[in-house]
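Keep the structure open beside you as you read.

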Amino acid sequence: MSVVGSSFPKVDAMGHATGKTRYADDFFLPGMLFGKLLRSSQAHALIKSIDTSAAEALPGVKAIAIGTDLPITYGILPVSQDEHVLAVDEVRYIGEPVAAVAAIDEATAAAATRLIKVEYEPIKAATTIEEALDSSTPRLHREGNGPDVHRAAGFEFGDVETGFAAADHIREDLFYFSGNTHVPMEQHSTVAEFGPDERLTVWSSTQVPHYLHRALVKVLEMPASRIRVIATPVGGGFGGKTDLFGHEFAAAHLARISGRPVKITLTREEVFYAHRGRHATLMWVKTGFRSDGGITAMAFRSYLDGGAYGGYGAASLLYTGALQTATYKIPAYRFEGLRAFTAKPPCGPKRGHGTPQPRFALECHLDKAAEDLGLDPEAIRIKNLVEPFSRTVNHLRITSCGLRECIETVVEASGFHRKRAELPPGRGVGLAVGSYLSGAGLPINWNGMPQSEVHVMVGRGGGVTVSSMAAEVGQGSNTVLV
């Protein structure tokens, strides 16, 4: 036990501190070209024509690609294979990639994208949840008008109506979380090289090299054995690089057709188009309470603004409903939710995706209920805490749990009660609880093989090599392995 419970420097700390760590944008290969993407100026439109002739004639341009060159769709989840590398026939948000150019330098590549002429036929765009569910709004992925629902989910555990009937007080609230996105210090970047042996190597700032590899096989129609993906050190991920992105495939394709390495590094503006940030979410919560603050039942609804594509959205939707019971004992629980498609950059996984939004709603809801019942915010939470080594109504297993001790320690150390009593009307100090179940029961692409394993090889000279599936993105997995 000389390591567990001890503090020591991360094994990659010196490289980060001295600037010697090589990120994707630090790679320069002989003969390398630089790629740029032409992005849609329309929120929702048909692509009538694309003219690349002027760009092709620009000196220094070596390769150009449009959507029809890469017609196979991809997606991070098997149920959401709905994205193209470059838009085919239709664009669904401002900033969606439409064409890709590789040239001798970034300036030439950028100039070439400006020479590409795209004729659009605009379509009415739904940019809010309400507009997406309007029966008159054109759908993004299906023909015709009507509610544009990507995914719907619902479940019920226990007898919710009986729980409400037993309550002394019922509280209903509506909350809106406006969503946000990532701003990693390092923008997304990818370098691709297609060698004379017809093997493709992709270096990318990604949190999911294994999923990127699988998708490249599909989109490029190449054997898996001829593609190698290397996850470079990541200068900030937070979930924003856990998805698959068009520029990764575009760099690989441009390298293959040009015969030269290609690098595509997104600008800061393009990072926001890539997005995959936290869903804007409309939430309704109804809870029954006894006079002592104990919860008798809860009903929760969530409406997610998903943006233009599926991504991780099916999982995010479920997470908005599944984890309310992980902190508080809820004897009967009902969840109903949907994720709508909107003509905006697609949302995705950001720091516990699908969970911060309902945590915000539920904690505000509890504060309001405590005031209704004349209870202290700490007391109503302590009253309803899950117990160690128990199961929730929706069958989540709680093992060790120090939540009670945590709340009591924070309340005492912060002087919560004193501050709350002394502050004037309109000013306050808050208390809230958050939780998230880290990890997943199954990999995205199930294959029946072990998913958490490490290979350790000890050499004759005493050196040790550790091989692992974990991607180091700042969380310290390399240090843990060492």
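Which residues do ring pairs link into a cluster? They are F155, F157, Y333 and F335. Please bear in mind that this is a predicted model.

Let us begin with the count of aromatic pairs, which comes to nine. Two of them are set out below.

| Pair | Distance between ring centres | Angle between planes | Class |
|---|---|---|---|
| Y74 and F249 | 4.4 Å | 35 degrees | tilted |
| F155 and F335 | 5.2 Å | 40 degrees | tilted |

Y74 sits in the loop between strand 3 (61-66) and strand 4 (90-91), while F249 belongs to helix 7, so their pair ties together parts that are 175 residues apart in sequence. Both Y74 and F249 are buried.

F155 has a relative accessible area of 22% and is partly exposed, whereas F335, at 1% relative accessibility, counts as buried.

Now back to helix 7 (residues 246-258), which packs with helix 6 (residues 209-220) at an angle of about 50 degrees, the axes being 11 Å apart. The two helices are therefore oblique to each other, and the crossing of helix 6 and helix 7 is right-handed. Helix 6 contributes L212, A215, L216, V219 and L220 to the contact, and helix 7 contributes E248, F249, A252, H253 and R256. By type, the residues of this contact divide into seven nonpolar, one polar and two charged.

Methods:
Residues are numbered from 1 along each chain as its sequence is written. This is a predicted model: local features need pLDDT of at least 70, side-chain atom pairs count only at pLDDT 80 or more; totals for chains, interfaces and linings use all residues. Side-chain values use heavy atoms; hydrogens and water are left out. Axes are lines fitted to C-alpha atoms, for helices over the stretch in contact, and angles run from 0 to 180 degrees between N-to-C directions. Helices (H or I, at least four residues) and strands (E, at least two) are DSSP runs, numbered from the N terminus. Angles under 35 degrees count as roughly parallel, over 145 as roughly antiparallel, 65 to 115 as roughly perpendicular and the rest as oblique. A crossing is left-handed if the near helix is turned anticlockwise from the far one by less than a right angle, and right-handed if clockwise. Contact means heavy atoms within 4.5 Å. Ala, Val, Leu, Ile, Met, Phe, Trp, Tyr, Cys and Pro count as nonpolar, Asp, Glu, Lys and Arg as charged, and the others, Gly among them, as polar. Rings of Phe, Tyr and Trp (its six-membered ring) pair if their centres lie within 6.5 Å; planes under 30 degrees apart count as stacked, over 60 as edge-to-face and the rest as tilted. Buried means under 20% relative accessible area, exposed over 50%, partly exposed in between (1.4 Å probe, protein chains only).
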